[in-house]
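The following exercises concern the reading of a protein model at the level of individual contacts. Please examine the sequence and the coordinates before turning to the solutions.

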Amino acid sequence: MADDPRCRSVVSGDAAAYPDGRIPNGADILSGWNERRWPSGDAAWLLEGLELDRAGEDGSTLLVCEVSDAELAARLGHPDLWIWNDRAGGFPSGPGPFRFVADGSLEANPAHVAAGPWVERVRDVHSAETDPALMLRLGEADVAVLYGRSAAEMLREPPDAIELTELPSWDKSYALWLDTSRRWLNDPSFRRWLAGAIDRESAAGFLFAGAARPAWSLISPARTAAAWTSVARRPVSPGSTPRLSLRYDPLDPHAELVAQRLRAELGLHGIELLLGPGSGSADDAADMRLVVHRPPVADPLIALQQTLAGLADAPEHVRGMLRSSRGLADAEARRAAAELVENGLLVEARLIPILRLRAWLAHDSALRGVEPGPFGRLYLERAYWKRP
């Protein structure tokens, strides 16, 4: 729609409104995106290579330009680019069917232009100290996403009042990211031996009661064998005790369990693993990082790019390969490109998948209409109670 063939004109319509009735326009979107751009914004990787400009006297039109637009819609629809109004009372205000209220619950957005939600209120009863399966059994929760032992217990003895559905889009895959510039890990043989020394089957059973499976790829769950060439014997002298540091997300209880298991298991092979909380930033130096792959989009190229975007030392040639694949429009071609990029990291044991933690959606059998989306999204606007 623009003179420049690289550009698309995005015009605000009346499909959504903030709770105060105001319609989001191009000015809102542009200011929100600019807060998240280079060099350090939380969604900078999604906006990389885009030129953004606002057009129209009323600010209603946004001009978005890039070299290739094959993945433009998927990138701009990513939840990290969702636009929130000014935070009133500490709660974000969006143009969706619900709005936050003072007690942290959700109520219907009075200005939502589509049909309103069928439930009056949604109350979050999540607690890090409480087992969600227990809350479901006690009737203190109506819907939950279950992992690990909570899921295994519910599957083993499912209550009559609870329905369970496997939720692959919410699975979480854990992998080691290795800094190949550091001692020990700069040896490809050591990295491949390390990758093969991890007993994934026993870890899945011990940590998560079988509600997990060994992982050999982040984006191809069906893969059942390692891409790297195995090294049977530890390629260091018998008297050496390699010391390696591992950082993990302290807010993810599953990550902590996996990290502790790795420390115990590698200790049996003469590796001293020093654990600590951290991130993938350049200031948080570590030999290895435990990364979690849980993309909120289905596109495999964007999913892989998101996981690597949080790692300060991801190789530039890998980022370049991902950028060069943006012009691919065919779904199979995009998956093949993502698998090619990942395979290069797997073969060199730079990226070592460990476990895929499976997810289940559990809800009261009288609750209908809960629609799961990609990771992090449950659509509740058409949820309703079906009573006898």
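The exercises below treat a predicted model, and each is followed by a worked solution.

**Exercise 1. Strand E11 and its partners**

Determine how many residues of strand E11 are buried, and describe how E11 pairs with E16 and with E15.

Solution. 
- Step 1. Strand E11 spans residues 172–178, and seven of its seven residues are buried.
- Step 2. Lys172, Tyr174, Leu176 and Leu178 point one way from E11, while Ser173, Ala175 and Trp177 point the other way.
- Step 3. The pairing of E11 with E16 is antiparallel and has six bridges; in E16, isoleucine 352 is the bridge partner of leucine 176.
- Step 4. The pairing of E11 with strand E15 (residues 288–293) is antiparallel over six bridges, and alanine 175 stands opposite valine 291 in E15.

**Exercise 2. The sheet of E9, E17 and E10**

Give the strand order of the open sheet, its edge strands and its twist.

Solution. 
- Step 1. The three strands follow the order E9-E17-E10, with antiparallel pairing.
- Step 2. Strand E9 (143–146) and strand E10 (162–166) are the edges, since each pairs on one side only.
- Step 3. From one strand to the next, the twist averages 20 degrees.
- Step 4. Four bridges connect E9 with strand E17 (residues 360–364), and valine 143 has histidine 363 in E17 as its bridge partner.

**Exercise 3. Arginine 358**

Is arginine 358 buried or exposed, and which side chain does it meet in a polar contact?

Solution. 
- Step 1. Arginine 358 is found in the loop between strand E16 (351–357) and E17.
- Step 2. Arginine 358 counts as buried because its relative accessible area is 17%, and the cut-off is under 20%.
- Step 3. The side chains of arginine 358 and glutamate 166 form a polar contact of 2.9 Å.
- Step 4. Leaving aside neighbours within four places in sequence, arginine 358 also touches other residues, including Leu146, Tyr147, Asp171 and Arg213.

**Exercise 4. Two helical regions**

Characterise the packing of H9 against H11 and the burial of H6.

Solution. 
- Step 1. Helix H9 (residues 300–309) and helix H11 (residues 331–347) pack at about 30 degrees, with axes 8 Å apart.
- Step 2. Among the residues in contact are Leu301, Leu304 and Leu308 in H9 and Ala338, Val341 and Leu345 in H11. By class, the contact of H9 with H11 has nine nonpolar, no polar and three charged residues.
- Step 3. In helix H6 (residues 188–197), seven of the ten residues are buried, including Phe190, Trp193 and Leu194.
- Step 4. At the start of H6, a side-chain oxygen of aspartate 187 comes to within 3.0 Å of the backbone nitrogen of serine 189.

How values were computed. Residues numbered from 1 in each chain as written. Predicted model: local features only at pLDDT ≥ 70, side-chain atom pairs only at ≥ 80, totals over all residues. Heavy atoms only, no water. Axes fitted to C-alpha atoms, helices over the stretch in contact; angles between N-to-C directions. Contact = heavy atoms within 4.5 Å. Nonpolar A, V, L, I, M, F, W, Y, C, P; charged D, E, K, R; others polar. Buried < 20%, exposed > 50% of the residue type's maximum accessible area, 1.4 Å probe, protein only. Polar contact = N/O pair within 3.5 Å; in protein donor to acceptor, adjacent residues only side chain to side chain. Pairing = 2+ DSSP bridges.
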